[in-house]
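This report describes a protein model from its overall make-up to selected local features. The sequence and structure are shown first.

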Amino acid sequence: MKKATLDATDENILQLIKEQNITSRNSEIKDFVEALDTIEGNMFISLDARWGEGKTFYVRQIEKTLEYLTMKKFGTDDIQDELNKMKPYFVGTALEEVALKNSYFPVYYNAWLYDDHTDPLLSLLYVVVKKCGKIINPQLTKEKSDRIKQMLQSIQVNFPFFSINGEQVVNAVSNKNIFEEIQLAEDIRNEVKLIFDEVIVEQAQKLVIFIDELDRCRPSYALEMLERIKHYFDDDRIIFVVSVNKEQLTHTITTYYGEGFDSTGYLNKFFDIEAYLPTLSINNNEINEYRSDQRWLNRFTNMLNKYYRLTLRDALIYNQRIESLSSISEINDYSLGGCCLSLFIPIIIALDMKDAKTKTEFLNGNRNFFEEINELDEMRSFYGCLDRSSQEEKDRIASGKEKIMAIYDYAFKNDTNALNKVSVAIADVGRGIKEKCLKFSGQMRVDS
């Protein structure tokens with residue numbers, strides 16, 4: 001079986017789940033599904049990988065796994081035939097062992113197939129409702145079926161025929177278009193919520209929407225899709241997983257808005273967690289910027305997420321620990337001490353999770369970890385921001401690095417000579433900073 005040339009059909013997706021000797025994804029899918037099951041409330045997740053590295057197969061395998069596990073634990077007698085068809089693909093795999101706390105209704109949406117339409121909100125609703133009618137509820141009451149048809153007719157998009165319960169439904173048969181008549185965004189949001197109430201709430205506790213191929217779409221469509229889902233789908237029952245080549249999408253945004261536009265910052269505002277898939281596995285996640293005066297804290301958190309290629313599960317834990325610091329005013333961007341805390345604390349928490357030996361060394365003044373990360377872009381940018389006295393970037397970076405290293409040596413190694421290496425009085429910054437790091441990062445003592 002030539003995996004690189006496979007189409008992402010249902011049969012091929014399920015077959016790859018079964019053939020563990022061909023794919024190593026099952027353990028990663030298990031981790032991803034279990035991490036999804038820990039999420040409370042609305043969540044927007046970005047899954048980043050370059051073209052051709054398997055995003056579509058990965059998210060479709062997650063989709064099928066959620067379908068199977070939901071039917072297995074929460075299904076009724078009328079779906080036993082469908083469950084029995086899927087069961088042989090999962091028996092004997094790690095995915096069979098997952099015990100969901102919640103039931104899920106997963107929907108796969110290929111954005112590229114619909115980017116010739118004017119409104120991504122309508123096409124997305126079309127795909128969601130179509131799947132509800134197609135496979136989820138074969139025993140809809142007439143009242144429920146009529147209500148779904150009414151909503152579909154209201155959306156009025158030029159899509160092909162499709163059927164619910166064997167009856168042909170045409171979207172454009174109604175003279176009424178709710179989205180033209182409704183003037184207020186809040187009314188649109190309420191109508192969207194009503195649609196979900198009608199077609200989802202009786203089928204599952206949570207809706208997971210996988211949006212794929214967004215980076216291939218027209219720039220205007222891709223951007224409007226992100227803005228629409230963020231604005232109208234803030235429902236605690238909904239989780240979005242958007243699989244993209246983030247680098248390509250960033251270029252698309254820059255092309256659309258022009259050079260000088262902060263495309264990365266614009267894109268990051270849409271996602272709560274960012275996961276990376278460089279080699280067919282989840283390898284990194286990012287945290288949203290939640291306070292304007294703690295951006296360095298968030299940037300270093302994202303840097304270490306990427307450096308350690310955290311799984312989604314670890315990223316959720318890591319980000320929750322960082323987010324618990326959002327109320328601490330001492331961690332900030334506008335003082336040298338606040339910036340030091342923004343750097344040291346994410347390092348300590350990351351090492352606590354990933355490398356206990358290096359954490360002990362770091363807390364006792366060993367610079368080795370800094371030698372590993374000092375050339376990362378975020379670190380060089382940080383050092384350069386600490387000293388504006390020189391016009392030369394390399395001089396600013398060297399000066400800023402010298403300040404931070406002196407503070408670190410003084411605070412963590414108790415090296416009073418370190419204060420003589422810089423031209424500014426930083427004793428007050430270094431004094432007590434280690435104790436604050438231990439306190440805020442949840443470390444009770446300096447490991448020996």
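The sections below treat the overall architecture, the salt bridges, a helix pair and backbone features.

## Overall architecture

The model is predicted. The protein contains 20 helices and 7 strands. Of its 448 residues, 55% count as buried.

Among contacts in the protein with a separation of 6 or more, 70% are accounted for by residues 24 or more positions apart.

A search of the whole structure finds 18 salt bridges. One of them joins the side chains of Arg-60 and Asp-10, with an N to O distance of 2.7 Å. Arg-60 belongs to helix α3 (residues 55-74) and Asp-10 to helix α1 (residues 10-18), so that distant parts of the chain, 50 residues apart, are linked by the pair. The two partners can be described by their accessibility: Arg-60 counts as buried at 9% relative accessibility, whereas Asp-10 is partly exposed, with a relative accessible area of 38%. Asp-10 and Arg-60 are also linked with Glu-63, Lys-64 and Glu-67 in a network of salt bridges.A second salt bridge is formed by Glu-274 and Lys-246, whose closest N and O atoms are 2.8 Å apart. Glu-274 lies in strand β7 (residues 273-276) and Lys-246 in helix α10 (residues 246-257), so this pair ties together parts that are 28 residues apart in sequence. Both Glu-274 and Lys-246 are buried. A further salt bridge connects the side chains of Glu-330 and Lys-436 at 3.0 Å, N to O. Glu-330 is located in the loop between α13 (312-323) and α14 (336-354), while Lys-436 is in helix α20 (residues 433-441); the pair links distant parts of the chain, 106 residues apart. Glu-330 is partly exposed, with a relative accessible area of 36%, and Lys-436 counts as partly exposed at 32% relative accessibility.

## Packing of helices α17 and α18

Two packed helices are described by the angle between their axes and the distance between the axes. For helix α17 (residues 377-385) and helix α18 (residues 393-412), the axes come within 7 Å and cross at roughly 90°. Helix α17 is therefore roughly perpendicular to α18.

On the α17 side, the contact involves Arg-380, Phe-382, Tyr-383 and Gly-384. These residues meet Arg-396, Ile-397, Gly-400, Lys-401, Ile-404 and Met-405 in α18. By residue class, the contact of α17 with α18 comprises 5 nonpolar, 2 polar and 3 charged residues.

In α20, the buried residues are Ile-433, Lys-434, Cys-437, Leu-438, Phe-440 and Ser-441.

Most residues other than glycine have a negative phi. Glu-213 is a residue other than glycine with a positive phi, near 65°. Glu-213 lies in the loop between β5 (206-212) and α9 (219-232). With a relative accessible area of 16%, Glu-213 is buried, because buried means under 20% relative accessible area.

Note on methods
Residues numbered from 1 in each chain as written. Predicted model: local features only at pLDDT ≥ 70, side-chain atom pairs only at ≥ 80, totals over all residues. Heavy atoms only, no water. Helix = DSSP H or I, 4+ residues; strand = E, 2+ residues; numbered from the N terminus. Buried < 20%, exposed > 50% of the residue type's maximum accessible area, 1.4 Å probe, protein only. Contact = heavy atoms within 4.5 Å. Salt bridge = Lys/Arg side-chain N within 4 Å of Asp/Glu carboxyl O. Axes fitted to C-alpha atoms, helices over the stretch in contact; angles between N-to-C directions. Parallel < 35°, antiparallel > 145°, perpendicular 65-115°, else oblique. Nonpolar A, V, L, I, M, F, W, Y, C, P; charged D, E, K, R; others polar.
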